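The entries follow in the order I took them.

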Amino acid sequence: VDKEGRGVDRVIAHLEQGTIRREMGDLQGSQASFNVAEQAIEHIDNKPDVSVSEEVYASVTNMNNLVYRGYDSDRVMLSVYRALNQLQLGDYAAARVHLIRSYNRQVDAVNRNARRIEKAQQSASSVAQKKNVNVSRTSNDPGFNRAMSNHYANIKQYNAYADYVNPFAEWMQGLFFFADAADGSDMERARKSMQRVSGMVPSNRYVQDDLNMLEAVQSGKQGIAPMTYVIFATGVAPSRGEFRLDIPVFLFAKDVDYVGANFPTLEMHPNFLRQLNVNVQGQRYGTQLVADMDSIIAQEFDNELPVTITRTIISAASKAAIAYGLRQTVKDQNSWEALAIRLAAGAYQVATNEADQRCWSSLPKQFQVARFPTPADRVIHLDDHAGSPAPVTLIPGKINVVFVRSIAPHTPMTIMQFSFGKGSSTWQTALHN
């Protein structure tokens with residue numbers, strides 16, 4: 001944040017800072033960081049999409065010089081984390097706003113990105129014309145296509161739930177509108193959310209139990225018993241790496257020239273705790289998957305790939321043209337100055353040949369949940385298979401939520417709590433109105 005808090009990486013810097021502050025227990029500081037990221041995203045959204053001048057500058061340097069706008073998976077999770085912070089701080093009204101925003105961001109993402117990607121392609125095409133770069137000849141080259149297919153085959157194996165949909169955000173909305181229901185319409189919104197999540201993760205029995213419970217409550221067949229939920233955020237979300245590929249570019253009167261270009265890729269992190277067991281008065285409840293961030297991020301990465309490839313081709317070709325022009329000016333000279341210019345041209349290409357590897361890397365790999373009746377003694381034990389079970393005494397509340405964060409096996413877990421209702425008759429009455 002000190003380095004990039006006001007630069008092109010302002011959004012990503014504050015997203016990372018907000019996550020780290022949250023996991024250190026500094027909820028107010030986390031909200032302050034997330035608020036800066038939110039304001040930066042709103043400022044970006046109120047400006048025109050990436051301009052041709054920005055594209056031109058990035059093409060002769062690298063894609064890291066474009067403003068980081070926040071992927072849709074970032075924007076949805078930003079709203080979810082802000083809601084979680086507000087729930088722990090006891091501000092349910094603010095949490096409601098952020099959860100509704102997370103839902104709206106998912107709904108708007110498909111159309112918004114279709115327009116944005118189309119404009120980005122148009123902008124890139126304008127740059128290609130200005131730079132006299134024949135993108136189509138490169139992208140249609142059989143060898144180039146084979147290489148791209150091989151490198152990105154693993155990305156396409158991840159099955160997303162639907163474009164830009166995050167089941168954990170949906171599940172959180174369902175939980176909130178059930179646990180903090182103001183009236184029957186909130187309960188119906190909760191039921192619909194759980195119904196959508198059930199369709200996305202049909203093997204999760206806890207989600208199905210919640211859906212059955214909500215339908216029974218709405219029909220008057222049962223009341224609401226004290227319930228506890230454990231949210232398990234485990235592992236680390238994909239980071240971005242790069243791979244180098246010699247690609248054909250077509251410049252000037254030359255038939256073809258091969259230049260090195262670095263393309264971004266996703267790196268998955270398999271070292272994570274695969275399940276959290278919760279021991280409750282002799283019974284064991286294992287957490288079950290509700291959202292796989294690998295799949296969500298991979299789907300968005302794949303959606304962006306055509307624009308990314310086009311920009312990388314343009315960048316490689318533009319820098320090759322500059323280097324070619326410099327070499328041509330001194331091709332008939334044998335002086336030290338000519339050699340220095342040739343070396344400088346090569347160094348420039350190497351120094352600026354860098355893929356955009358920015359991403360919100362402190363997100364978890366998976367969100368899992370468990371659900372069970374709150375025990376009479378209000379004590380549960382979390383067993384991460386790494387040592388002695390961690391006892392947790394539940395705070396007062398009708399509906400309790402324990403949020404557990406694990407980075408990797410055999411590392412300390414972060415445990416946070418919040419609750420709804422506090423057992424008040426007012427809250428219970430509201431649910432049935």
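Which element gives the most to the lining of the second largest cavity? I looked this up and found that α11 does, with four residues. The model is predicted, so I keep that in mind for every entry here.

Entry on the second largest cavity. I noted a volume of about 80 Å³. Twelve residues line this cavity, and I listed Ser73, Tyr164, Val165, Ile296 and Glu300 as the closest to its centre. Besides α11, I found α4 supplying at least two residues of this lining. Sorting the lining of the second largest cavity by class gave me seven nonpolar, three polar and two charged residues.

Entry on the search. I went over the whole structure and found three cavities of 30 Å³ or more.

Entry on the largest cavity. I wrote down a volume of about 120 Å³. I found 14 residues in the lining of the largest cavity, with Tyr71, Ser73, Asp74, Ile297 and Cys359 nearest its centre. Which elements each supply at least two residues of this lining? I noted α4, residues 72-89, and α11, residues 293-329. The largest share comes from α11, with three residues. By class I found ten nonpolar, one polar and three charged residues in the lining of the largest cavity.

I noted α11 as the main contributor to the lining of the largest cavity and to that of the second largest cavity.

Definitions and conventions. Residues numbered from 1 in each chain as written. Predicted model: local features only at pLDDT ≥ 70, side-chain atom pairs only at ≥ 80, totals over all residues. Heavy atoms only, no water. 1 Å grid on protein atoms, 1.4 Å probe; cavity = no way out; pocket = protein on both sides within 12 Å on 5 of 7 lines; lining within 4 Å. Points joined across faces, edges and corners; volume = space filled by probe spheres on them. Nonpolar A, V, L, I, M, F, W, Y, C, P; charged D, E, K, R; others polar.
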